[in-house]
Amino acid sequence: MILVAAFSGRAPGAARPAPAEVLEAHVRYLASDRLAGRAVGTPGIELARDYIAASFARFGLLPGGDHGTYFQRFEVGAGVAVKEPAFLRIGEASLRLDDDWFPLPFSASGHVNGELVFAGYGITAKEYGYDDYEGLDARGKIAIVLRYEPAGHPFPGSPRYSPHAALRAKVANAREHGATGVILVDLSRSADALEGFPVPGMPGRGASGTVAVQVRAAAIEPWLRRRGISLRALKERIDREGKPASLSLGLTASIAAALQEIRAPAENVIGILPGASDRMKDEAIVIGAHYDHIGTGRYGTRDAGARGQIHHGADDNASGTAVLLEAARRLAGTAPRLPRTIVFVAFSGEELGLHGSRRYAENPPMPLSSTVAMINLDMVGRLRDGRLTAYGARSSAQLRDAVWKVARRLGLDLNERDGVGRSDHLWFYNGHVPVVHFTTGVHADYHRPGDTWDKLDFAGMERLTGLVVSTASTLAVRPERPVFASLPAARPGSGNAPASRTDVYLGGVPAYGDDAPGVRLAAVSPGSPAAAAGLRAGDVIVRFAGAKIESVEDLAAQLAGRSAGDEVEIVVLRGNRPLALKAVLRERT
């Protein structure tokens with residue numbers, strides 16, 4: 001039975017609840033214990049899906065999904081399962097799967113044998129004179145690496161955790177130094193804790209090409225102590241001196257890891273408000289928000305001790321879904337009808353990698369070429385002093401003008417960011433659709449059980465709803481379409497890419513959400529080193545300065561080690577053919 005939306009059963013003639021109360025009712029249901037965190041593939045997200053569809057139907061929106069329904073169906077990788085054979089042996093000892101070790105979710109499947117070497121934090125940061133692999137022969141061997149970065153900050157002026165600290169970056173660096181396998185050990189917690197490790201069910205998002213596993217410290221240290229080696233002592237030495245302490249361990253290891261992706265069904269929920277103008281009704285404005293969250297924290301939790309608890313996701317993203325629903329109700333009630341069509345989309349699979357918005361962009365009910373703008377809502381429930389962050393508005397001068405005029409009228413303090421941000425609007429930006437992404441920002445309850453409905457600012461959400469409705473209405477009646485403009489290349493801390501500790505840049509805009517190995521470019525900034533080298537939108541970077549590139553993290557780590565004036569060879573796939581190009585990096589201006 002489809003559950004109808006909040007307040008649908010009020011008595012005839014009763015006053016309609018205030019908008020803030022309606023928003024609160026939406027969030028209280030979507031973030032309730034009954035929906036159990038709305039993880040993809042669970043009964044809770046199906047309840048949320050039906051709630052949104054029933055609301056769209058009540059507002060009079062037309063179905064925009066498959067076969068005359070509100071649902072656009074697809075499948076996502078909802079995790080990975082470990083298959084047999086799976087084993088880890090150190091010397092003659094066999095460690096227990098799940099209790100002592102398990103594969104990293106992006107590990108390659110395979111069987112490797114080799115000598116064990118300790119490679120410190122597994123970092124090569126030559127720009128700061130630090131290289132855990134200097135003097136260490138890792139070729140054909142299995143490298144033990146520590147999580148995070150040296151506590152002594154050997155990287156001047158760096159943030160606590162840089163691109164070098166990313167798990168994929170460590171595995172990629174080990175691979176570049178010839179290691180056949182990687183064993184990750186976390187010494188930041190107690191020796192008996194598995195906390196801090198991604199669990200096997202976490203989405204893998206593409207294999208790394210290297211067998212990579214995680215081992216509990218207490219399971220591996222006894223074997224090393226027999227050789228007179230203490231990982232903790234080595235870690236403390238590196239942290240204290242800011243210098244590598246890599247060495248051969250005199251032990252051999254054998255690892256077999258076989259992973260199988262878990263597929264789960266998912267649905268976008270799409271409602272369409274047709275335009276009234278014969279000339280403009282075939283052009284669309286998309287308003288979207290993702291409605292999935294992380295369930296009981298099996299993956300994605302920021303509190304490893306809270307796995308198994310409901311992560312309610314009130315702000316992330318019941319708040320955006322509630323604003324989407326209220327905006328749909330108001331715009332559907334507009335008289336006379338707006339000239340352009342408005343498409344309302346509740347995306348699924350965002351937490352697993354922007355899958356729902358990718359599905360929409362590849363199979364839209366109205367072509368992206370006819371989509372004049374996209375407004376995205378993600379974590380909009382904690383408006384602080386009227387301060388709202390907007391990403392991507394500079395992708396169109398006309399869109400930016402509309403947003404700013406309405407924000408000023410509503411008394412909203414708009415914090416405009418240079419970058420495009422990372423959420424479901426990215427697939428639209430990649431398709432050259434002007435976008436704006438609204439958020440009130442990350443907070444201490446992000447991806448934790450404490451993200452509950454009672455902490456949200458519903459009056460602030462009502463003001464944001466007004467911003468969305470007025471902006472969409474403005475764009476729907478203007479005769480001219482907003483003109484798309486590529487945003488500047490990613491800058492450190494902009495939200496457009498992982499932060500880098502260097503002032504040099506390439507000038508390619510990654511097509512975020514693409515799962516294929518390498519870095520596909522959605523755009524190339526005019527006048528950038530990438531443009532001068534001949535890189536184009538659609539190229540896939542697979543090697544950079546001789547290093548294999550499989551992810552944005554790989555590319556960021558390589559850029560972090562460069563200086564202005566460096567000439568690097570970049571190998572891209574253009575179509576199915578490799579092409580080698582030369583780029584000269586330079587400082588940002």
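## Strand β13 and its neighbours

Strand β11 (residues 247–273) lines up antiparallel with β13 through five bridges; strands count as paired when DSSP finds at least two bridges between them. This is a predicted model, where local features need pLDDT of at least 70, side-chain atom pairs count only at pLDDT 80 or more, and totals for chains, interfaces and linings use all residues. Residues are numbered from 1 along each chain as its sequence is written, and side-chain values use heavy atoms, leaving out hydrogens and water. Strands here are DSSP runs of E, at least two residues, and helices are runs of H or I, at least four, numbered from the N terminus.

## How hidden is β13?

Seven of the seven residues of β13 (residues 341–347) are buried, so the strand is largely enclosed by the rest of the structure. Buried means under 20% relative accessible area, with a 1.4 Å probe and protein chains only. Thr 341, Val 343, Val 345 and Phe 347 cover one side, while Ile 342, Phe 344 and Ala 346 sit on the other.

## Helices α6 and α10

Helix α6 (residues 314–332) packs on helix α10 (residues 458–477) at about 50°, with the axes 9 Å apart. Axes are lines fitted to C-alpha atoms over the stretch in contact, and angles run from 0 to 180 degrees between N-to-C directions.

Methods. Buried means under 20% relative accessible area, exposed over 50%, partly exposed in between (1.4 Å probe, protein chains only).
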